[in-house]
Amino acid sequence: MFRSFRAPSPDDPDRSREQGRPDLPDAADRAGPPDQDDDADRSERDRDSTASPWAYIRTETGSAAVLLAATVAALVWVNAAPGDYASVWATRLSVQWGGHGVDLDLREWVNSGLMTLFFLVVGLEARREFDMGELRDRRRIALPLLAGISGMVVPVAIYLAVNSGGHAGHGWGAAMSTDTAFALGMLALLGARFPRRLHTFILTVAVVDDFVALAVIAVAYSEHLSWTPLAVGIGLLAVVAVIRRAGVRRGGPYAVLGIAAWTAFVHSGVDPVVVGLVIGLLAFAYPAPREALERASGLFRSFREQPTPELEREARLGLASALSPNDRLQRLWHPWSSYVIVPLFALANAGIEINGSLLARAYTSPITLGILLAYGLGKPIGIVGSTALATRLSRGRMRPPVGWGAVTGGGTIAGIGFTVSLLIATLAFTGQQLDEAKIGVLSAVVFAMLSTSVVALVTSRLPAARRARALLGTAQSVVDLAEPVDPELDHVRGPLDSPVTVVEYGDFECPYCGQAEGVVRELLADFGDVRYVWRHLPLTDVHPHAQLAAEASEAAALQGGFWEMRDLLITSQDELGVKDLLRHADRLGLDVDRFRHALKARKGAARVARDVESADLSRVSGTPTFFINGRRHHGAYDIASLSAAVVAARDRAVLVDGAGRQG
């Protein structure tokens, strides 16, 4: 059975800069592709130091089932034992220190306390998208920003229209916010029916959504303001910003200041969840710099040679400092937020005693109907309509990253408003009105899931060409590869006019590159029109022979034998010494004396250095790293994942090229 790729372990300093960790009994296994069935190992490998929303999306996807189970559990509990449900969540919990503290019931601790961590994660992902994701191209911010705002304004307008002249107009905030976790989870259940970029687009829209929702909570649904605690809370957040700018990386000061700011906001009357969002936005995201990784590797090697407590601490801090604060906080809090906090919120707030009279009253209530229509019609109209209008008015300069069929599916799935909607409903309503609002929120979830399934079904019935256009669109992609492929300078295998180019940054001594080689060969065999480019990235701090092997391949290139030498080196990773390289040259029929002279004179060093410089510009710090049509490939590099990425890139290239000719 083929083996999988796993994240490097801190127990192995020689693996700190590679993109996975194999368990290989011998060198022969290193040529094999990964085990496509070992999702647990693969998911660990996927959590590299690069900018990727997929880890975020995978967590949200898995948590959707837990969230749904918690919602069902709340409904069963409240209908089986309504008195117990109410009494448990009404239990008071007080934390006092020196005559000061916070006294809340359990539901308030969940809604205002634990949900602060949920919004911390939202802020972290927003910052990551802004620093390293699609939004690092600032020109792409406008469209999802417009879609997010319009996707809130239109639902609110529909809710207010339904409730005009009534006494429930103040509950408009419960009819505008998309549940990020639930929406992405349900979208993932539809699998390949929608492109992955739709997840990123909806994630960005939902982040805008969450920002506005928090502002609404702070302004419209906060209690009477107490200005002194509010000033203290704002001042403490300012201190957080100052120490972050000063480069403080230890979590202790931030935790103390965050808790103090949260307490101040509780007493101010402003919902304290805003503290989590602000701290999340202050956490910069960036890929692990190569210098930091080399330093961490050196510190670990020192500890391995002399395992003292002092060196252990230095090695641990060195490893942690290589990652951005955003990476470390997301790894710590995101699973807790998705699998514990949000489901616990649902358990505390989704409980409704359902009976015939309630349903009859709810579905004639303007509150229920207003929320249902706001989410079911307002969300897709706001998102799709504003996106279409912006595209038309900009004459195509602003385009969604996916096709219009996918945008429509994103608009309908954004009609899932659960977490923040319920949170605002509990602030705006009480008694029967709150029950009616909850019925509207839950009904909107069901309607959004059904309508999105219909969009997916209709799209799947389109002819292949129209379906590809409806899903993928014609917008140009954000390019991650800093140095474009140059056939005159790069080592290229495959047709030069190929619609798909796969670039691999590799190291001849890296075992994961050896594993990926079998996948690359299978990929090139399956897709005859793929152009493959190899670029050097010798990890000299962990692989002592990597630089020499890279220069040997360039020495062979001087005799027209680059690819033959490259293929031999990547499958002979235990034979990279000078004598081994000379033997390889003789085996390939090269002029050994000429090869030896080129190797000794380091004639290939400049060529290798050029590739390393291009890797630095593209923020590549580990091997293997793949780029497909200039886009960095995130996730597993098994044949299924790379094949799917190649197919998507080829379809998009054809669509964009066709759109360019029409224009």
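Visitor: What does the side chain of serine 268 reach?
Guide: This is a predicted model, and in it the serine 268 side chain reaches the backbone nitrogen of valine 270 at 3.2 Å.

Visitor: And where does serine 268 sit, in which helix?
Guide: Serine 268 is placed in helix α9.

Visitor: Buried or exposed?
Guide: Serine 268 is buried: its relative accessible area is 0%, and the cut-off for buried is under 20%.

Visitor: Which residues touch serine 268, leaving aside neighbours within four places in sequence?
Guide: On that basis serine 268 is in contact with His224, Leu225, Ser226, Pro229 and Leu230. Take leucine 225: 43 residues away from serine 268 along the chain, yet their C-alpha atoms are separated by 5.5 Å.

Visitor: How much of the contact list for the protein comes from residues 24 or more positions apart?
Guide: Among contacts with a separation of 6 or more, 81% are between residues 24 or more positions apart.

Visitor: Back to α9. Which element gives the most to the lining of the second largest pocket?
Guide: That's α9, with nine residues. The pocket has a volume of about 1500 Å³ and 43 lining residues, with Gly251, Tyr254, Ala255, Val256 and Gly258 nearest its centre. Elements giving two or more residues to that lining include β1 (92-97), β2 (100-105), α4 (106-132) and α8 (227-245).

Visitor: How do the residues of that lining divide into nonpolar, polar and charged?
Guide: The lining of the second largest pocket has 27 nonpolar, eleven polar and five charged residues.

Visitor: What about α10, what do its buried residues pack against?
Guide: They pack against α4, α7 (196-220), α8 and α9. Seven of the nine residues of α10 are buried, so this helix is largely enclosed by the rest of the structure. The buried ones are Val273, Val274, Val275, Gly276, Leu277, Ile279 and Gly280.

Visitor: Changing topic: how many residues are in the largest nonpolar core?
Guide: There are 84, and Phe119, Tyr159, Phe194, Leu198, Ile371, Phe418 and Phe429 have the most contacts inside that core. A second, separate core has 54 residues, including Leu523, Trp534, Phe562 and Leu576. As background, nonpolar side chains tend to be buried together in soluble globular proteins.

Visitor: Last one, zooming out: how many helices and strands does the protein have?
Guide: The secondary structure comes to 26 helices and seven strands. Of the 663 residues in the protein, 55% are buried.

Conventions. Residues numbered from 1 in each chain as written. Predicted model: local features only at pLDDT ≥ 70, side-chain atom pairs only at ≥ 80, totals over all residues. Heavy atoms only, no water. Core = buried A, V, L, I, M, F, W, Y, C linked by side-chain atoms within 4.5 Å. Buried < 20%, exposed > 50% of the residue type's maximum accessible area, 1.4 Å probe, protein only. 1 Å grid on protein atoms, 1.4 Å probe; cavity = no way out; pocket = protein on both sides within 12 Å on 5 of 7 lines; lining within 4 Å. Points joined across faces, edges and corners; volume = space filled by probe spheres on them. Helix = DSSP H or I, 4+ residues; strand = E, 2+ residues; numbered from the N terminus. Nonpolar A, V, L, I, M, F, W, Y, C, P; charged D, E, K, R; others polar. Polar contact = N/O pair within 3.5 Å; in protein donor to acceptor, adjacent residues only side chain to side chain. Contact = heavy atoms within 4.5 Å.
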